[in-house]
Amino acid sequence: DVAIAAPPMAPAAVDPGEEFLAIARALEQSDALFIGGSREQDLRQRLVSIPAEHPQAVETRVLLARELMRLGDPETALSELRRALVQEDALWQAGTAPGFGAGDSLRSVARHKKLLLQLVLASVRLGEQVNCIPSHAPASCILPIVEGGIHRDRIGAQTAMGYALQYLQLAPDDLTAMWFLNLAAMQAGQYPQGVPVAYRIDPLR
C-alpha cells in the first residue's frame with residue numbers, strides 16, 4: 001500500500017489588529033527614526049549606572065531629554081531637564097560641575113545656557129502640542145500671533161518666557177533667545193507688554 005501524505009495545514013488566521021500592534025511594538029523598541037525608542041532605553045539604563053553626583057549624569061540626562069523631544073514627549077523631556085538643572089546646581093555648589101577646572105568656583109556659563117535653551121525649546125514644544133493639535137485654528141502658527149492663535153493653555157508659553165529671560169540675563173544679545181521670548185509672549189497673549197523693551201522684536205520687520 002502506498003501511504004498518502006496528508007494535505008498541508010492552512011496557516012492559522014492572524015488577527016490584523018494583533019499583527020499591527022506587534023509591528024508597532026517592534027518599531028517602538030527599534031532605532032527607527034522618529035518612533036524608535038531603543039536609544040531612550042539605552043540612555044535610561046546608562047543613567048542608572050552613573051552616580052547622581054557625577055558630572056556625566058547631567059550630560060546623559062540632557063541627551064535623554066533631547067531624545068524624548070525627538071519622540072514627541074516634551075512633557076517628560078521638561079521633567080528630565082529640570083532634574084538636570086538641579087543636578088548641575090548641586091555640582092556647581094560642590095565645585096565639580098562639567099567644564100570646571102581645579103579650584104574654579106565659577107559656573108560653566110556655556111553649559112548652563114545650553115541647558116536653559118533646551119528648557120525653552122521643550123516648553124514651547126509642549127505649548128504647541130497641548131494647544132495647536134487639539135485646538136488648531138486658521139490663525140495658529142502665523143506670525144504675528146494674534147487672537148485666534150493665542151494659546152488657551154498658556155503654561156508652556158509662560159514657562160518658555162521665564163527660561164528665555166534667564167538665558168538673556170547671561171547673554172543679552174542672543175537673538176535666538178530673544179526670538180523665542182517674543183514668540184512665547186505672543187503665544188501667551190503677552191506681546192508686546194510682556195517683553196522687556198531691550199529684547200522686543202518687531203514681528204513685521
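A word on terms first: buried means under 20% relative accessible area, exposed means over 50%, and partly exposed is in between, with a 1.4 Å probe and protein chains only. The model is predicted, so local features need pLDDT of at least 70 and side-chain atom pairs count only at pLDDT 80 or more, while totals for chains, interfaces and linings use all residues. Residues are numbered from 1 along each chain as its sequence is written, and side-chain values use heavy atoms, with hydrogens and water left out. Helices are DSSP runs of H or I, at least four residues, numbered from the N terminus.

Start with helix H4, residues 74-94. Its buried residues are Pro 74, Ala 77, Leu 78, Glu 80, Leu 81, Ala 84, Leu 85, Gln 87, Glu 88 and Leu 91. Look at the spacing in that list with this in mind: an α-helix has 3.6 residues a turn, so residues three or four places apart point the same way. The buried residues of H4 pack against H2, H3 and helix H5 (109-131); contact here means heavy atoms within 4.5 Å.

Next, two of those partners. The axes of H2 (residues 38-48) and H3 (residues 55-70) come within 10 Å and cross at roughly 160 degrees. Axes are lines fitted to C-alpha atoms, for helices over the stretch in contact, and angles run from 0 to 180 degrees between N-to-C directions. H2 and H3 are therefore roughly antiparallel; the word covers angles over 145 degrees, roughly parallel those under 35, roughly perpendicular 65 to 115, and oblique the rest. On the H2 side the contact includes Leu 43 and Leu 47, and on the H3 side Leu 64 and Leu 68.

H3 also packs on H5, at about 25 degrees with the axes 11 Å apart. That makes H3 roughly parallel to H5. Here Glu 59, Val 62, Arg 66 and Met 69 of H3 meet H5 residues including Leu 115, Gln 118 and Ala 122.

Moving along, H6 covers residues 155-170. Among its buried residues are Gly 156, Ala 157, Ala 160 and Tyr 163, and what covers the buried residues of H6 includes H4, H5 and H7.

Last, is Gln 187 buried or exposed? Gln 187 lies in H7, residues 175-187. It is buried, at a relative accessible area of 2%. Leaving out residues up to four places away in sequence, Gln 187 touches Val 124, Glu 128, Ile 145, Ile 150, His 151 and Ala 157.

Definitions and conventions. Helices (H or I, at least four residues) and strands (E, at least two) are DSSP runs, numbered from the N terminus. The expected span of a helix is 1.5 Å times one less than its number of residues.
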